[in-house]
Amino acid sequence: MNVLVIGGGGREHALAWKLAQSSKVQMVYVAPGNGGTATDMRLKNVPITDVVQLREWAQANKIGLTLVGPEVPLAAGVVDEFRAHGMRIFGPTKAAAQLESSKAFSKAFMRRHGIPTASYDTFSDPLAAHAYVDKMGAPIVVKADGLAAGKGVVVAMTLAEAHEAIDFMLLDDALGVAHNDGADGVAVPRVVIEEFLEGEEASFIVMVDGKNVLPLATSQDHKRLLDGDQGPNTGGMGAYSPAPVVTPDVHAKAMREIILPTVKGMEQDGIPFSGFLYAGLMIDKSGQPKTLEFNCRMGDPETQPIMMRLKTDLVDVLMAATEPGPHGKLDEVELQWDRRTALGVVLAAHGYPMNPRKGDAVTGIPKGADFTDDAADAAVFHAGTTLQDGTLRVSGGRVLCVTALGDSVKQAQHRAYEVVGDIAFEGMQYRRDIGHRAVKG
């Protein structure tokens, strides 16, 4: 069958690459795709982003299954549009996607359903927000309520940083946040200010079919730009899977106290959830997880190492998840994983995260890691690239994710950085310590 992946980042490239390995697939289309999906013979880019036009194109091209990668089309209601025309699509509805698209919605949901998370309050008035920060003290976390491409969170270690973040999000609107509507239907800039949690972060991603939950391999993301977890927050500078911090005990607690109550709570609230559900966890010293945030899609760059390790045919899993009826059949699926560790290093553009420069030529992606060999132990997934007259050029902040497999975190790390050493573009920046927590541990 023909399959459509919506999106154009590294996550979508990894999902499309995995889907293309299925014997059941004739062609994988990626809308809009990127420079990497343009050069893989099994993938074809579709330059459409409008939700209705995409649905019309999918109908005309007999797409048997659609998978949504990023948050923006989900918040725009792409799943509702496809389903209204009887099309098979995996992802949450616009209402269910509020778990990610509105921090205020998700915090209120967690409070209502007793899901462990940081204490918080929500503000649209800068003066009230400033007063709250003064009262609570630092460190403290300031989050934009709407979608901000992974950059709408400031972990303020001082009061000055917290006050600056409030002005940045409420007054300057410098992040280009997709603000959510207030009671009168008019978009309102809002921030969620919450307590600072200490511990180790992990990404806990599951698939949900409306009722049944299928956990994916665990992973850990590296949010800060610089080595040693320094510098500004980014969309993610690298990840590895599995994450040793998610012990069997933490896994059981996360399922019992966070994931299952969330799926049940959404069903009780009349907005059943289907799609990828990503819980960003903070795990304290005693092994107690709390929810930092929800995303309604796979993480990026966590998808790249997770897909490198997945041995099960992804098409079979998605077909079970989208089985017609009140819910799918994910309870009948068992996932098989490569026992090796996968580790991905993000190569970012000059000026990322605030002012990434575009147009620089990308060279040196080695043979084998460029998808000419599925059995290769390394793969270079594209995110912010475009193909111009046969030349690969930078088109976004996070440009590539170099992902490798190894028998240990250290071996996967060594192999990934070996491939990184071959690749070049002007102003390229990357962390040299992806996986450092697991290597130390």
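Strand β2 (residues 27-32) and strand β3 run parallel and are joined by three bridges. Two strands count as paired if DSSP finds at least two bridges between them; helices (H or I, at least four residues) and strands (E, at least two) are DSSP runs, numbered from the N terminus. The model is predicted: local features need pLDDT of at least 70, side-chain atom pairs count only at pLDDT 80 or more, and totals for chains, interfaces and linings use all residues. Residues are numbered from 1 along each chain as its sequence is written, and side-chain values use heavy atoms, with hydrogens and water left out.

**The parallel sheet**

- Strands β2 and β3 belong to an open sheet of five strands, ordered β3-β2-β1-β4-β5, in which the pairing is parallel.
- The edges of this sheet are β3 (43-45) and β5 (89-90), each of which pairs on one side only.
- Helix α3 (residues 51-60) lies across β1, β2 and β4 and runs at about 165 degrees to β1.

**The antiparallel sheet**

- Another open sheet has five strands in the order β12-β15-β18-β22-β19, and here the pairing is antiparallel.
- Strands β12 (220-221) and β19 (378-382) stand at the edges with a single partner strand each, so one side of each is left without a neighbour in the sheet.
- Four bridges pair strand β15 (residues 238-241) with strand β18 (residues 341-348) in the antiparallel sense.
- Opposite S241 stands A342 in β18.

**Helix packing**

- Two packed helices are described by the angle between their axes and the distance between the axes.
- Helix α8 (residues 126-136) packs against helix α9 (residues 159-172) at an angle of about 160 degrees, and their axes are 10 Å apart.
- This angle makes α8 roughly antiparallel to α9; angles under 35 degrees count as roughly parallel, over 145 as roughly antiparallel, 65 to 115 as roughly perpendicular and the rest as oblique.
- The residues in contact are P126, A129, H130, V133 and D134 of α8, together with L159, A162, H163, I166, D167, L170 and L171 of α9.
- By class, the contact of α8 with α9 has eight nonpolar, two polar and two charged residues; Ala, Val, Leu, Ile, Met, Phe, Trp, Tyr, Cys and Pro count as nonpolar, Asp, Glu, Lys and Arg as charged, and the others, Gly among them, as polar.
- The axes of α1 and helix α12 (residues 314-321) cross at roughly 100 degrees and come within 8 Å.
- The contact of α1 with α12 divides into five nonpolar, no polar and one charged.

**Salt bridges**

- The whole structure holds 25 salt bridges, each being a side-chain nitrogen of Lys or Arg within 4 Å of a carboxyl oxygen of Asp or Glu.
- One of them joins the side chains of E71 and R11 (4.0 Å, N to O).
- This pair links distant parts of the chain, with E71 in helix α4 (residues 71-75) and R11 in helix α1 (residues 10-20), 60 residues apart.

**Backbone features in loops**

- The peptide bond from A138 to P139 is cis, with omega near 0 degrees, and P139 is placed in the loop between α8 and β7 (140-144).
- A cis peptide bond also runs from Y352 to P353, with omega near 10 degrees; P353 lies in the loop between β18 and β19.
- Although K62 is not a glycine, K62 has a positive phi of about 50 degrees, and its place is in the loop between α3 and β4.

Technical notes: Axes fitted to C-alpha atoms, helices over the stretch in contact; angles between N-to-C directions. Contact = heavy atoms within 4.5 Å.
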